[in-house]
Amino acid sequence: MSIILMEGIVKTYQPNNVLANAGIDLELEEGKIHAIVGENGAGKTTLMKILYGEEQPDSGRIFIDNEKVNIPSPLVANRLGLGMVHQEFQLFPSLTTAQNIVLGAEPRKGGLFYDNKKADEIIKDISVKYSLQIEPKAIINRMTVGQKQRVEILKMLYRGARILILDEPTSVLVEQEIEALFKTLKKLADSGHTIVFITHKLGEVKTVSDIVFIMKSGRMVACRDTESVTKEDICSLMVGRRSEFFISKSPIQPGKVVLTVNNLRILEKGVKQPVLDAVTFQIRKGEIFGIAGVAGNGQADLVEALFGLRKISSGEISISGKIISGNNPKSIRACGVAYVPAERTARGSAGQACLWENIVVSNTARFKKRLFLDIPAIKLFCDDKVRSYAIKAENTSMKANTLSGGNLQKLVLSREFDGYPEFLIIEEPTRGLDVKSADFVYDRILDMRESGCAILIISSDLNEIISLSDFIGVMYRGEITIIFDNDQELSSYEIGEYMMGVRTGKVKN
Ligand SMILES: Nc1ncnc2c1ncn2[C@@H]1O[C@H](COP(=O)(O)OP(=O)(O)O)[C@@H](O)[C@H]1O
Ligand SMILES: [Mg+2]
């Protein structure tokens, strides 16, 4: 039976104009354990804060037991039977367990004085009832995280919560504590409580939940009986993009070597650990080389070195046999290198300039008519780009900073992909894009590959790297520690181990 119904919940955060919840429906069943999963920023916490009265939705309705309710504050939420345990605990560290639990609703002797004994008794009772072991007189700041969490849960139960919301409760716990928590949740559910918990860990979803909700980019993309889905199903719904199994990539017929990077090193004065250390690889015509790694392991530095934005200490970079290391970006561009940077607003485009200026900026020579630019020709050319890249814009004279993220990225691609570059560098190709724009970007990248371009992709989205690349290198502390062929057997777990430095392909002496 449905106990909670949230309908059409919309929430925009004013300061940054982020649409955190874009019209969400959610139904909770009495006595069931619900898991909410989704990538960072999907809007999970926001949705739960709205249910708990901590945030107000722009629009949408909430029903409890089929009755429409307003939840202007957590206090009202408590009265309605809702309780929430936050990621950051809200306990007073110098008070006892008992004092924290009864705070705001203390039992009183003769209606006046705080009744210590009564408080201890009540707490003992509930802690026995739900087998949540707790010492009423213990001071909070001497407790483990698991114990503090138990106090938070008891506090909510004391306030009469029938519906308990937990925001990533396991992220702070160790294995044994997680097991204990799950036992508690099951017990609570058996006694008729309704549980919702947010998690990143799909194993937990399978172990403990009855129903799983999957959120992505402010939307609810799926609700399933946990039994009926596999971890892989949940994962692909969560990521919401084509995974490697869906991207249809033609087998490569690698051509001649385009990019050669040989023993590249960047050292920084006074820093022992090299920024880049002995980086060596090649990319051939029609190949995509993906570099995976945790941000900050040298990927960005490598890209800057390749595009002439950063001085190298030693080593060599060449394009089709011609050495380009030491050249400036302009002459590197002239050698057929194109670059789609991660920072599309700061680096990839000029916000104050209009669309057509952004499109032809690196290509003005082509539109010179004696001394002047052939503006009509430029506009025709740009109109065509806007059409073929499905950029949503009224005309090409509008400023680039009025475009949405997805459209701006398409604009940058339309410029960089023009004129068949020999070698293409793409950083974070789809970061912050919606699924449709991301798909479009993937298709264009694969078109470039088909046309024989050698492509380097750097992305923090491992799924994306695996989906697109023909071979994959992992960067860890300035080195490419391993290069894999991207065949069927390659797993993200394996790559992950290299990303975290748990495994390394090199023996260092
Ligand atoms: N108080 C806030 N002010 C502005 N933006 C916020 C605030 N809280 C969350 N956001 C933004 O709203 C989006 C959703 O955030 P959140 O609900 O915390 O997601 P999740 O819990 O799924 O990681 C994110 O883009 C986040 O940056
Ligand atoms: Mg969150």
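Reply: Start with Asn263, which lies in strand S13 (residues 257–266). Helices (H or I, at least four residues) and strands (E, at least two) are DSSP runs, numbered from the N terminus. This is a predicted model: local features need pLDDT of at least 70, side-chain atom pairs count only at pLDDT 80 or more, and totals for chains, interfaces and linings use all residues. Residues are numbered from 1 along each chain as its sequence is written, while chains are lettered from A and ligands numbered from 1 in the order in which they are written.

Me: Is Asn263 buried or exposed?

Reply: Count C-beta atoms, placed from the backbone: a residue is buried if 20 or more others lie within 10 Å of its own, exposed if 12 or fewer, and partly exposed in between. Asn263 has 12 other C-beta atoms within 10 Å, so Asn263 is exposed. Check its backbone too. Asn263 is not a glycine, yet its phi is positive, about 55°.

Me: How do S1 and S2 run, and how many bridges join them?

Reply: Two strands pair if DSSP finds at least two bridges between them. Strand S1 (residues 2–13) and S2 run antiparallel, joined by 9 bridges.

Me: In which sense do S6 and S9 pair?

Reply: Parallel, over 4 bridges, with S9 covering residues 163–166. Leu82 stands opposite Ile163 in S9. Then look at the faces of S6 (residues 82–85). Leu82 and Met84 are buried on one side, Gly83 and Val85 on the other.

Me: What does Leu164 touch?

Reply: Two residues are in contact if their C-beta atoms, placed from the backbone, lie within 7 Å. Skip neighbours within four places in sequence, and Leu164 is in contact with Gly83, Met156, Leu188, His193 and Ile195. Leu164 lies in strand S9. Its 24 other C-beta atoms within 10 Å are why Leu164 is buried.

Me: And Asp301, is it buried or exposed?

Reply: Asp301 is buried, because 22 other C-beta atoms lie within 10 Å. Its place is in helix H9 (residues 299–306). Not counting residues up to four places away, Asp301 touches Ile266, Val275, Leu276 and Arg310. Asp301 and Val275 are 26 residues apart in sequence, but 7.3 Å apart in space, C-alpha to C-alpha.

Me: How should I read a nonpolar core?

Reply: In soluble globular proteins, nonpolar side chains tend to be buried together. Here a core is a set of buried Ala, Val, Leu, Ile, Met, Phe, Trp, Tyr and Cys residues joined through C-beta atoms within 7 Å. The largest one has 68 residues; Leu411, Leu424, Ile425, Ile455, Ile457 and Val474 touch the most other members. This core draws at least three residues from each of domain 2 (244–336 + 421–509) and domain 3 (350–420). A second, separate core of 60 residues includes Ile101, Met156, Phe197 and Ile234.

Me: What domains does the chain have?

Reply: Bounds come from an automatic or database domain assignment. That assignment gives domain 1 (2–239), plus domain 2 and domain 3. The centres of domain 1 and domain 2 are 42 Å apart, taken over C-alpha atoms. Across the chain there are 16 helices and 24 strands. Of its 509 residues, 40% are buried.

Me: Last one: which residues are closest to ligand 1?

Reply: A residue is near a molecule if its C-beta atom, placed from the backbone, lies within 6 Å of it. Ligand 1 is surrounded by 13 residues, the closest being Tyr13, Ala20, Lys44, Thr45 and Thr46. Strand S2 (18–29) and helix H1 (44–51) are the elements that give two or more residues to this shell. H1 provides the largest share, 3 residues.
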